[in-house]
Amino acid sequence: MAKSEDLTRIITGCKKGNAECFSQLVDIYSRRCYGYFYRLTGRREISDDLLSELFVKLVQKIGSYKGGSFESWLFRIASNIFHDYLRSKQRYKKLLEVQKKQLESEVTEPKHSEDDRADKLQKELNKLDADTRELIMLRFYSQLSFKEIAEMRSEPIGTTLSKLHRAVKRLRELRE
Amino acid sequence: MNKRSQNDEDVKALFEQFVNREQAEQAAEDFREAEQILRSYPAPEPDDEVTAGIKSQIAWALLDRKENVFKRKALKAVAVAAAFIVIGALSVKLLEKQSQPQETVYASIIPRAIWESEDIASDDVNLATLTAEIEQIKDEILALQLGDDGENGSGIVEELEMEFIEISSDFWKG
């Protein structure tokens, strides 16, 4: 993990369009961001795509970063990318349903479902709703404080604490 | 896992603002355990090929960004140059206008054509009549001087005087 001064220098370099600095950012954050996407989607190939999208967006948006918590800024973009993915997934599902009805055929879901490839924890996480899952992942992978998460989600800190507590309790219950 | 900002946070103290001490302790314990679970099942890491691919994508994106910056700068320069040309043209026109002699402003009660006309008599009926009468008197004086009317010279002079008085009163009456 980069020190604060190093990170500031790297971000300054990125703002100037230095490819080497972006490369360093990828080295610092790719694992955490990948973990975040993987735990939310449970699919490696999708996580690969979302991670690429995140860093390309970072190149486009780095100029709009005006200081403050970089992690908070980065994971806000990551969260938006994940929500876009969810929306497109919903669209895709609807499209599939329409096609199914049109063809009137018995199209079944692929046998090798996400669950088959996921680890034990992933199976439990998949039982949680998307918002709860995202909240836990944000807390764990972004390393943001409760206050920062609350600000990011534009909700009072009490609400964030309560939601997160319910989420971790649910995770504990699933483990038992 | 680095917990820079999270380390600064006392989860228990934070929960104590909303729930009682026991519940806050329980919440802090729940969080510790959940984090333990997540740590014991680390998520897979991205393949080296994936990160290499991302870095190459970044290089392309940077190239695009540089091109866009150049285009934006060029467009800006063109816009500034166009603005300068327009301002310059307007300034020249304004200066030209200022250097031209100022036109006389005429009172609206007198028509400009009459004001500028050399032929005053034709512009006013009274003046035209007066001019005609003056011409007539001039002719008559000339005739007197030439002695055309030798018989009754004093009568003519009286007649002239009468005409003068008549003209004068007509003129001032309008």
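**Stop 1: where α9(A) passes α3(B)**

Select α9 of chain A together with α3 of chain B, residues 21-40. Keep in mind throughout that this is a predicted model. Look down onto the pair and you will see α9(A) cross α3(B) in a left-handed manner. The two axes come within 9 Å, and they cross at roughly 60°.

Now show side chains. On α9(A), pick out His165(A), Val168(A), Lys169(A), Leu171(A), Arg172(A) and Arg175(A). Facing them from α3(B) are Ala27(B), Asp30(B), Phe31(B), Glu33(B), Ala34(B) and Ile37(B). Colour these residues by class and you get six nonpolar, one polar and five charged.

**Stop 2: the whole contact between the chains**

Chain A puts in 38 residues and chain B 36 residues. Which helices of chain A supply at least two residues each to the side that touches chain B? They are α2 (19-41), α3 (44-61), α6 (120-126), α7 (130-141), α8 (146-152) and α9 (157-175). The largest share of that side, ten residues, belongs to α2(A). By class, the side of chain A that touches chain B holds 18 nonpolar, ten polar and ten charged residues.

**Stop 3: each chain by itself**

Chain A has nine helices and zero strands. Of its 176 residues, 31% are buried. Among the contacts in chain A with a separation of 6 or more, 62% are between residues 24 or more positions apart.

Chain B has 174 residues, and 7% of them count as buried. Of the contacts in chain B between residues at least 6 apart in sequence, 16% join residues at least 24 apart.

**Stop 4: α2(A) against α3(A)**

Return to chain A and select α2(A) and α3(A). Their axes come within 9 Å and cross at roughly 140°. This pair is therefore oblique as well, since only angles over 145 degrees count as roughly antiparallel. The crossing of α2(A) and α3(A) is right-handed.

On α2(A), the contact is made by Phe22(A), Val26(A), Ser30(A), Cys33(A), Tyr34(A), Phe37(A), Tyr38(A) and Thr41(A). On α3(A), look for Arg44(A), Ile46(A), Ser47(A), Leu50(A), Leu51(A), Leu54(A), Phe55(A) and Val59(A). Together they divide into twelve nonpolar, three polar and one charged.

**Stop 5: the nonpolar core**

The largest nonpolar core has 46 residues. Which of its members touch the most others? Select Cys33(A), Phe37(A), Leu51(A), Phe55(A) and Ile136(A). The greatest contribution to this core comes from α2(A), with ten residues.

Centre the view on Phe37(A). Leaving aside residues up to four places away in sequence, Phe37(A) touches Ser47(A), Leu50(A), Leu51(A) and Phe82(A).

**Stop 6: two loop residues with positive phi**

Select Gln143(A), in the loop between α7 and α8 of chain A. Gln143(A) is not a glycine, yet its phi is positive, about 60°. Is Gln143(A) buried or exposed? Gln143(A) is buried, because 21 other C-beta atoms lie within 10 Å.

Next select Ser154(A), in the loop between α8 and α9 of chain A. Its phi is also positive, near 55°, and Ser154(A) too is a residue other than glycine. With 6 C-beta neighbours inside 10 Å, Ser154(A) counts as exposed.

**Last stop: Glu173(A)**

Finish on α9 of chain A, where you will find Glu173(A). Glu173(A) has 10 C-beta neighbours inside 10 Å, so it counts as exposed.

Key:
Residues are numbered from 1 along each chain as its sequence is written. Chains are lettered from A and ligands numbered from 1 in the order in which they are written. This is a predicted model: local features need pLDDT of at least 70, side-chain atom pairs count only at pLDDT 80 or more; totals for chains, interfaces and linings use all residues. Two residues are in contact if their C-beta atoms, placed from the backbone, lie within 7 Å. Helices (H or I, at least four residues) and strands (E, at least two) are DSSP runs, numbered from the N terminus. Ala, Val, Leu, Ile, Met, Phe, Trp, Tyr, Cys and Pro count as nonpolar, Asp, Glu, Lys and Arg as charged, and the others, Gly among them, as polar. A residue is buried if 20 or more other C-beta atoms lie within 10 Å of its own, exposed if 12 or fewer, and partly exposed in between; C-beta atoms are placed from the backbone. Axes are lines fitted to C-alpha atoms, for helices over the stretch in contact, and angles run from 0 to 180 degrees between N-to-C directions. Angles under 35 degrees count as roughly parallel, over 145 as roughly antiparallel, 65 to 115 as roughly perpendicular and the rest as oblique. A crossing is left-handed if the near helix is turned anticlockwise from the far one by less than a right angle, and right-handed if clockwise. A nonpolar core is a set of buried Ala, Val, Leu, Ile, Met, Phe, Trp, Tyr and Cys residues joined through C-beta atoms within 7 Å.
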